[in-house]
Amino acid sequence: MDLDLVWTDFLRELRSQDKIENLSSRTYSGFPFLYVKTPLSRNQLEHLLKEAAGLVMKGKQLHADLVYVRTFAQTYVYRVRFYVPLRKMFCCGNGCIDCIRFST
């Protein structure tokens, strides 16, 4: 799965929002950071980010990790990461529905 396409769709979805004035992403030490300038509150912005992430992840086996870092001059900084979840490699004996015993 190409996560660059997921990122492109995610940024396109956010740029289509009226309340976002400026949007950029930068990578530092291998971690992607999202810089969002908006008049929205932090809670409203996080809701908007989660909705956009949900739209681009729909139908894919992906998870999103959104971590607030800081705010300066109405610009919010988030560490955003899309990742493929790890699959279990052993049976724990709890009868999980995704147990490795049931895979073919």
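The model is predicted, so local features are given only where pLDDT is at least 70 and side-chain atom pairs only at pLDDT 80 or more, while totals for chains, interfaces and linings use all residues. Residues are numbered from 1 along each chain as its sequence is written, and side-chain values use heavy atoms, with hydrogens and water left out. The chain holds 2 helices and 4 strands, where helices (H or I, at least four residues) and strands (E, at least two) are DSSP runs numbered from the N terminus. Read along the sequence, these elements follow the pattern α-β-β-α-β-β.

**The sheet**

- The 4 strands form an open, antiparallel sheet in the order E1-E2-E4-E3, with two strands taken as paired if DSSP finds at least two bridges between them.
- Strand E1 (22-28) and strand E3 (63-72) are the edge strands, each pairing on one side only, and the twist from one strand to the next averages 25°.
- E3 pairs with strand E4 (residues 75-83) in the antiparallel sense over 9 bridges, and Leu-66 stands opposite Val-80 in E4.

**The helices on the sheet**

- Helix H1 (residues 3-15) packs on the sheet and touches E1, strand E2 (31-37) and E4, its direction making about 145° with that of E4; contact means heavy atoms within 4.5 Å.
- Helix H2 (residues 42-57) also packs on the sheet, touching E2, E3 and E4, and its direction makes about 25° with that of E4; such angles run from 0 to 180 degrees between N-to-C directions, along axes fitted to C-alpha atoms, for helices over the stretch in contact.

**Overall dimensions**

- The C-alpha atoms of the chain fill a box of roughly 50 × 25 × 25 Å along the principal axes.
- Of the 104 residues of the chain, 28% count as buried, that is, under 20% relative accessible area, with exposed meaning over 50% and partly exposed in between (1.4 Å probe, protein chains only).
- Among contacts in the chain with a separation of 6 or more, 46% come from residues 24 or more positions apart.

**Two loop residues with positive phi**

- Most residues other than glycine have a negative phi.
- Ser-29, in the loop between E1 and E2, has a positive phi of about 55° although it is not a glycine, and Ser-29 counts as exposed because its relative accessibility is 74%.
- Gln-74, in the loop between E3 and E4, has a positive phi near 60°, and Gln-74 counts as partly exposed because its relative accessibility is 45%.
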